[in-house]
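Let's take a walk through this model together. Keep the sequence and the 3D view side by side as you read.

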Amino acid sequence: FGVMEAQLGAAPAVAAEYLQLARRLEGMPSGEFAAATQRLRELIQQLEAPDAIALEVARKFAQDSRLVVRSSANCEDVEGLAGAGLYDSVMNVAPADVASAIRTVWSSLWTRRAALSRQEAGIPHEQAHLAVLIQEMVFPDFSFVLHTVNPINHRVQEVYAEIVVGLGETLASAASRGTPYRLVCDKNSGTATTLAFANFSQTLQPNPGAGLRRQTVDYSRVDLSRDASARQRLGRRLAAIGRFVEEALQRPQDIEGVVAGDSIWLVQARPQPGLPPGEEL
């Protein structure tokens with residue numbers, strides 16, 4: 001979490017203005033607040049990512065690799081603030097472009113939405129820090145979120161899944177109107193019950209070069225829409241994954257992952273929010 005702060009320390013003039021603005025945000029009128037958060041993002045864009053990061057990325061990944069530069073804040077997914085989608089992640093990044101993507105992720109600490117969410121949750125801005133995770137990108141057929149306790153009825157034996165075609169930003173960002181596939185999967189039998197079929201008109205897919213593109217979805221070609229056995233097969237696998245992760249971490253989990261061909265990749269897991277106090281396995 002200290003890399004951005006270290007880079008600020010190497011730029012005293014930027015650091016002085018940054019700290020002054022951050023400390024003044026509490027109680028600012030809305031117009032000034034928006035201008036201040038915009039200026040904080042501009043200041044962060046003036047920072048340089050450490051050369052050591054670029055060198056390590058070049059050592060670790062091939063030049064033609066595609067990467068995801070992900071946010072990980074100490075003020076998201078905490079009690080009272082779920083925070084999904086509050087901070088930016090940059091997808092389909094070439095290793096040579098990692099430094100720019102890092103600055104984009106850093107600066108998302110100060111989007112107006114993120115700053116207001118922290119204030120409403122009572123989290124002091126000076127205690128907000130943002131780390132960056134750099135991962136090799138998986139090109140998914142589907143992306144999903146799992147809750148290992150059904151959030152609707154709090155049944156601990158049910159995994160609740162939301163699934164979309166393509167990249168998970170469709171779920172996380174809430175920028176597109178539509179419904180994901182919704183499945184309830186029994187942890188013991190693996191039986192999947194379909195609650196809803198996806199109807200997002202477009203999906204996000206990686207561009208061949210860089211960045212993302214929107215693509216219209218033809219659900220008549222998507223097995224999860226036309227084949228009940230495909231939903232059962234995926235449901236059984238998601239139920240087993242949810243049960244395994246929950247048992248390994250010893251509490252209900254909110255899990256993100258993707259399906260690529262026959263493989264399932266887990267991106268992250270965190271304690272499941274919104275459950276009644278004392279909810280146990």
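Start with the open sheet, where six strands line up in the order β7-β6-β5-β4-β10-β11 with antiparallel pairing. (Strands here are DSSP runs of E with at least two residues, helices are runs of H or I with at least four residues, and both are numbered from the N terminus; two strands pair if DSSP finds at least two bridges between them.) At the edges sit β7 (192–196) and β11 (263–271), each of which pairs on one side only. From one strand to the next, the twist averages 25°. (Such angles run from 0 to 180 degrees between N-to-C directions, with axes being lines fitted to C-alpha atoms, for helices over the stretch in contact.)

Before going further, bear in mind that this is a predicted model, in which local features need pLDDT of at least 70 and side-chain atom pairs count only at pLDDT 80 or more, while totals for chains, interfaces and linings use all residues. Residues are numbered from 1 along each chain as its sequence is written, and side-chain values use heavy atoms, leaving out hydrogens and water.

Now look at β10 (residues 253–260), which runs antiparallel to β11 and is joined to it by eight bridges. V259, for instance, has I264 in β11 as its bridge partner. Packing on this sheet is helix α9 (residues 228–249), which touches β4 (142–147), β5 (158–165), β6 (181–186), β7, β10 and β11. The direction of α9 makes about 40° with that of β11. (Contact means heavy atoms within 4.5 Å.)

(The expected span is 1.5 Å times one less than the number of residues.) Buried in α3 are F33, A36, T37, L40, L43 and I44. They cover an arc of only 120° around the axis, so they lie on the same side of α3. (The arc is that of the directions from the helix axis to the C-beta atoms.) These buried residues pack against α1 (3–9), α2 (12–24), α5 (98–107) and α6 (112–120).

Finally, check two loop residues. S65, between α4 (51–60) and β1 (67–73), counts as buried because its relative accessibility is 8%. (Buried means under 20% relative accessible area, exposed over 50%, and partly exposed in between, using a 1.4 Å probe and protein chains only.) L167 sits in the loop between β5 and α7 (169–172), and at 4% relative accessibility L167 also counts as buried.
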